[in-house]
Amino acid sequence: MSNERYSRQSFLGLDAQDRIDQAVIGIVGLGGGGSHVVQQLAHIGFQQYVLYDPDCVEDSNLTRMVGATEEDMKVARPKVAVAQRIIRGLQPNAQIELYQKHWQEVPLPLRRCDLLFGCVDGGRNRRDLEAVARRYLIPYIDIGLDVHQTEAEPPIMAGQVVLSMPGSLCMHCLGVLHEKALAEEGQRYEDAGPRPQVVWANGILASTAVGIAIDLLTNWTGDLHAPIYLEYFGNQGTVQPSPRLEFAAKICRHYPITEVGDPEL
Amino acid sequence: MDVLTDAFSELQRQFPGAKQCQEGGTIFYFIPSLRLPAGCVPEQTDALLCPTARDGYPSRLFFAVRVEGPEVRNWNGNSYILSRQWYAFSWADIQGLSLVDLVFAHVRALLP
Amino acid sequence: MSRLLIIRLAYPLYKAVKADLTRPHPFAAERVGFLFSKVGIGPDGVILLLPVDYLPLPDEQYVDEGDPLIGAAINGAAIRSAMQRVLDSGMGAFHVHMHAYHTGCPHFSPTDWHDLPDIVQSLRNADARLIHGALLLSQDAATGALWLPNQDINMPLVPQVTLVGCPLQICPGGRV
């Protein structure tokens with residue numbers, strides 16, 4: 001791999017590319033948000049991936065799943081295979097672990113990750129994923145998008161990017177996860193189901209998340225602090241820190257730093 | 001002893017080996033090898049009691065496997081808790097009971 | 001895939017350890033403490049060590065060897081307190097000190113490599129079933145040395161050490 005390729009991102013620091021090389025990145029969910037994340041990480045130069053998605057490409061994915069083609073849809077190609085193709089096209093020597101399963105079915109590989117992206121649907125899924133990240137001391141970056149449709153008004157498109165750092169506030173502390181919303185999800189007796197999603201909004205969220213990851217690994221700004229909770233307002237086209245940060249507790253009471261490692265069950 | 005310790009002690013007396021655990025700010029009670037009523041397959045399995053509101057249920061009993069019981073239930077509660085996969089069926093409004101009685105009430109729901 | 005050993009130290013504990021280790025001592029050039037670690041098992045035999053507790057050593061548990069080349073020497077009471085904590089907690093112990101004038105991934109000194117096996121053997125005497133070892137901090141990174149149960153005391157393993165916080169600092173493992 002020539003140094004020239006990464007010359008335009010050399011401002012990230014002298015050892016930035018080494019740090020990027022060394023990091024093992026987990027990405028759970030390779031649809032609208034996760035496909036953007038994979039593509040960007042591959043461009044930047046990441047070499048070690050642990051990827052999860054149980055699904056195959058469907059027609060409705062083609063509006064927003066980066067890298068997916070009509071041919072993928074016709075042959076019902078697994079999303080993990082599409083992600084692998086994207087990575088290999090840029091990083092032919094990358095180490096890629098693929099799991100065409102729900103992460104809960106094969107959870108152990110997550111534990112080896114240095115950094116975890118959650119690009120999943122549903123509060124319960126992201127709650128359980130954050131719990132694993134906290135238990136094994138893995139920084140967790142979560143992205144989510146919702147479009148709320150009401151009868152009288154235009155739809156409201158909103159999303160968030162959260163950095164949940166062990167030792168700092170979690171998504172429960174920040175109000176991203178709360179029992180009321182999880183209860184509503186639970187009452188539906190089904191998965192989160194098809195949710196409105198659009199490629200440009202997913203791209204904004206994924207790019208923001210990748211930017212956080214790069215700063216975390218390279219410290220190029222020298223000014224990254226956890227927690228990070230950015231709210232995206234799609235109608236206005238803005239991304240800004242959530243006002244909830246101001247009112248959140250100072251210490252996470254949901255994940256004491258002693259509650260780590262394999263539980264003794 | 002306080003009332004919470006009393007409740008846990010009672011649980012441990014009824015289910016030897018029971019442990020109190022916590023994750024994500026929620027207290028769970030792990031019950032190893034819970035023996036299930038006749039007609040259930042398997043006959044025993046690990047269980048995890050969540051006595052507080054979770055996912056819209058006032059309490060929940062998770063099992064290590066989807067139990068086949070005499071009554072068919074809607075197993076809608078797949079969860080990954082304490083580094084294990086757990087399964088729960090939909091059975092609402094079991095609340096206001098002691099820990100032991102919560103377990104019994106959920107297990108009884110496997111029967112007609 | 002080869003076995004991989006990873007120590008992950010979260011910033012709140014890391015900062016507490018650094019704060020203790022950088023306190024001045026009446027005669028020791030360096031301070032020493034012990035971290036105690038929980039364990040997680042990953043895929044393909046990966047072992048994660050997750051320190052959760054720290055034992056600082058009081059001033060009186062240091063020994064003045066009168067040798068300027070020795071950063072810190074600790075007495076039997078210090079070792080015994082670490083051993084007792086191993087017995088009480090059921091967690092493996094890691095001798096920890098700091099090379100405060102260095103940045104980046106540090107390296108154990110020849111003195112460190114000479115002294116650590118005896119310390120680890122003492123910790124093994126408390127509980128040989130646990131993983132014990134050592135952690136060395138620099139200003140902004142850390143490295144480690146591990147001894148698995150039944151491992152030759154003269155052949156430590158060098159784990160990846162990750163300081164988990166902002167920034168995320170990874171020192172890769174490798175050979176001694």
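Colleague: Which two chains are joined by no contact, and how far apart are their closest C-alpha atoms?
Modeller: Keep in mind that this is a predicted model. Here a contact needs C-beta atoms within 7 Å. No contact of that kind joins chain B and chain C. The closest C-alpha atoms of chains B and C lie apart by 10 Å.

Colleague: Which pair of chains has the most contacts?
Modeller: Two pairs of chains touch. One contact takes 22 residues from chain A and 20 residues from chain B. In another, 26 residues of chain A meet 24 residues of chain C. The pair with the most contacts is chains A and C.

Colleague: Which elements of chain A give two or more residues to the side that touches chain C?
Modeller: That side of chain A divides into 15 nonpolar, six polar and five charged residues. The elements of chain A that give two or more residues to it are α1 (16-22) and α7 (199-218).

Colleague: Now the side of chain A that touches chain B. Which element gives the largest share?
Modeller: The contact uses 22 residues of chain A. By class, they are nine nonpolar, five polar and eight charged. Both α5 (123-135) and α6 (179-187) of chain A supply at least two residues. The largest share, six residues, comes from α5(A).

Colleague: Which element gives the largest share of the largest nonpolar core?
Modeller: This core holds 157 residues. The members that touch the most others are A:Ile27, A:Ala209, B:Leu49 and C:Leu135. The largest share of the core is eleven residues, and they come from α7(A).

Colleague: Leaving aside neighbours within four places in sequence, which residues does A:Ala209 contact?
Modeller: A:Ala209 is one of the core members that touch the most other members. With sequence neighbours within four places left aside, its contacts are A:Val37, A:Phe117, A:Ile141, A:Ile143 and A:Val161.

Colleague: Why does A:Leu12 count as partly exposed?
Modeller: A:Leu12 sits in the segment before α1 of chain A. A buried residue needs 20 or more other C-beta atoms within 10 Å, and an exposed one has 12 or fewer. A:Leu12 has 19 within that distance, so it counts as partly exposed.

Colleague: How far is A:Leu12 from A:Thr208, C-alpha to C-alpha?
Modeller: Leaving aside neighbours within four places in sequence, A:Leu12 contacts A:Ile214, A:Thr218 and A:Trp220. A:Thr208 is 196 residues from A:Leu12 along the chain. The C-alpha atoms of A:Leu12 and A:Thr208 are separated by 16 Å.

Technical notes
Residues are numbered from 1 along each chain as its sequence is written. Chains are lettered from A and ligands numbered from 1 in the order in which they are written. This is a predicted model: local features need pLDDT of at least 70, side-chain atom pairs count only at pLDDT 80 or more; totals for chains, interfaces and linings use all residues. Helices (H or I, at least four residues) and strands (E, at least two) are DSSP runs, numbered from the N terminus. Ala, Val, Leu, Ile, Met, Phe, Trp, Tyr, Cys and Pro count as nonpolar, Asp, Glu, Lys and Arg as charged, and the others, Gly among them, as polar. A nonpolar core is a set of buried Ala, Val, Leu, Ile, Met, Phe, Trp, Tyr and Cys residues joined through C-beta atoms within 7 Å.
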